[in-house]
Amino acid sequence: MLCGVLDPTAGRAEVLGFDVSKEPDEIKRRIGYMSQKFSLYEDLTVAENLAFYAGIYDVSEDVFAERRLAILEMADLRGREDELAGNLSVGWKQRLALGCAIVHQPPMLFLDEPTGGVDPIARRHFWDLLYDMAREGVTLFVTTHYMEEAEHCHRLGFIYDGKIIALDSPKKIKERFADHIIEMVCDDQEAALALLDKHERVRNVYLYGAAVHVNFGDFTGGAAEAGKVLKAAGLRAMNAAPVSPSLEDVFVSLIERAQD
Amino acid sequence: MPEAIKTENLTKRFAGLTAVEDINLAVPAGEIFGLVGPDGAGKTTLIRLLATILLRSDGDAQVGGYSVTDQAQLVRPLVGYMSQRFTLYVDLTVLENLRFFADIYRIPADVRAKRIEELLAFSQLTGFTERPAGQLSGGMKQKLALACTLIHEPRILLLDEPTTGVDPVSRRDFWKILSRLHQDGATIFVATPYMDEAERCQRVALMKDGKIVLCDSPANIKALVPGEVVAIEVGDAHQGARVLREHPLAMRVDMYGEVLHVYTDDAGVALPGFRRRLEEAGIGIVSIHPVELSMENAYIHLAGRIGGQTS
């Protein structure tokens, strides 16, 4: 809807000052869009893909000559202009797709899960590029499943079942979340999960990296309580202690609440 | 069966490319074993070799005690392979997909209905049996794919990025299911781009350019990263990162919103200098605190160093 492709059923939205239902073409011309399925032509080369998108967006030839160089530099693709897009690895494709999306220097960029299935290092490189663009004044609207990526954003919205259930800076979202989270490592994590899941004070319990996180809601004595329950069942909990909630803790908890 | 998976100099060459090179690996039965590495490292090829979908060029591997080269037909009933791509029939319903896989694996009629019922309950899909697979959410599709993978009760699971593109809540559900399978004694060999998932594995192998460059427990892998990581929250992250990257004691600076993660040998020694440099540049410091090293930190640090340049 924000890209002017789907018409809203009710309500309205403006992107760059244009109404999405009345002036969708004004929006489409001015934004960049990169989808989770990179819309590159696999049988065209790197340079041909860029030229194709420059054509679509009516970028004049002399402007494109300059842009082309800047984009190749940004995406670290200089010297690989003649490689087929289909032969690039996912990390490179991703950077080329980003290059194609900004060939017309849009002030606003929509990125729909741009880093799915990419390793942490390639994701870092990609985010460094996004940070550079943000500094130059480009507005970035990104969807992601990676909570660690959500931490990169100035503000973020949690969407669930078509509704925004939280909207603020990552820091504020975490600060406002009042539940008490206990982190621990158990000798038998799976048994601990099953046991704590049934505890009346436990809101939810889940694996968190190598540890277990237990959400005790507003109950402050969680660490002692968890230790006691596990001990009674012959399990051992190491280092059970309260931790400040991560974005993932908040997200998981908000969703579970919305499901109830 | 002491070892679920054992490879000896396992190698796979494609025209002009060695995708998997000289891999020696032993995975004891009942282990959750994680495989991580940059795109193009050979993770998918390795899993396909173990699943007997690809034939090795050199070396060999035993899966469930049988050679993937000479005894592939004995290996196949023992393994459940889930590919990175969604391989279900989108126009068949949940139930039809399960029946289809039951046919392929020749599950006898007398146990079939019960097993399908158990798998539906297990994957929380009981209420969706008549829905076409194409209309399931991403998380439900992955659970259905796993249920189909489990139809013949394999003891060794080969999972190739099973949760890519799935939201955190569904990923958690998926791992709860894996936990239960692990509890029942299954061996789980899983490739993942998510470092929090890697952290749940008993051992993790880092693959790069077709080779395994590191293989150990998450705790030991994290211990390989020298020094410490401090989180410095600043008024202007861009400027802050620029300034600190020039500081000789900052080995690496990553931006996370307004927070900078700075890798340094000894935070006690380095922090006064960081502080001074930021203040000189007129950048306000909101807070400074140590960060417990995560697998993500460790991966970024180690994968960049070991075995040459990545992507």
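Colleague: Where is B:Ser123 found?

Modeller: In this predicted model, B:Ser123 lies in the loop between α4 (109-122) and α5 (138-149) of chain B.

Colleague: Why is B:Ser123 called buried?

Modeller: Buried means under 20% relative accessible area. B:Ser123 has 3% relative accessibility, so B:Ser123 counts as buried.

Colleague: What does the side chain of B:Ser123 reach, and what makes that a polar contact?

Modeller: The side chain reaches the backbone oxygen of B:Leu119 at 2.6 Å. The cut-off for a pair of N or O atoms is within 3.5 Å, with one able to donate a hydrogen and the other to accept it. The distance of 2.6 Å is therefore within the cut-off.

Colleague: Which residues does B:Ser123 touch, not counting residues up to four places away in sequence?

Modeller: B:Ser123 touches B:Lys143, B:Ala147 and B:Ile177 on that count. Touching here requires heavy atoms within 4.5 Å.

Colleague: How many disulfides does the structure hold over all chains?

Modeller: Zero, over all chains.

Colleague: What is the closest cysteine sulfur to that of B:Cys201?

Modeller: The one in B:Cys215, at 11 Å, which is too far for a bond. B:Cys201 also counts as buried, because its relative accessibility is 4%.

Colleague: Turning to the interface, how many residues of chain B are in contact with chain A?

Modeller: 39 residues of chain B contact 39 residues of chain A. The two chains bury about 3400 Å² between them, with 56% of that on carbon and sulfur atoms.

Colleague: What makes B:Asp254 and A:Arg124 a salt bridge?

Modeller: The closest N and O atoms of B:Asp254 and A:Arg124 are 3.4 Å apart. The cut-off is within 4 Å, so the pair qualifies. The count between chain B and chain A is four salt bridges. Eight residue pairs are in polar contact between these chains, both residues at pLDDT 80 or more.

Colleague: Which elements give two or more residues to the side of chain B that touches chain A?

Modeller: They are α6 (168-183), α7 (195-198), α9 (237-245), β12 (252-256) and α11 (295-303) of chain B. The largest share, eight residues, comes from α6(B). That side of chain B divides into 13 nonpolar, 11 polar and 15 charged residues.

Terms used:
Residues numbered from 1 in each chain as written. Chains lettered and ligands numbered in written order. Predicted model: local features only at pLDDT ≥ 70, side-chain atom pairs only at ≥ 80, totals over all residues. Heavy atoms only, no water. Buried area = accessible area lost by both parts, 1.4 Å probe. Salt bridge = Lys/Arg side-chain N within 4 Å of Asp/Glu carboxyl O. Helix = DSSP H or I, 4+ residues; strand = E, 2+ residues; numbered from the N terminus. Nonpolar A, V, L, I, M, F, W, Y, C, P; charged D, E, K, R; others polar. Disulfide = S-S within 2.5 Å. Buried < 20%, exposed > 50% of the residue type's maximum accessible area, 1.4 Å probe, protein only.
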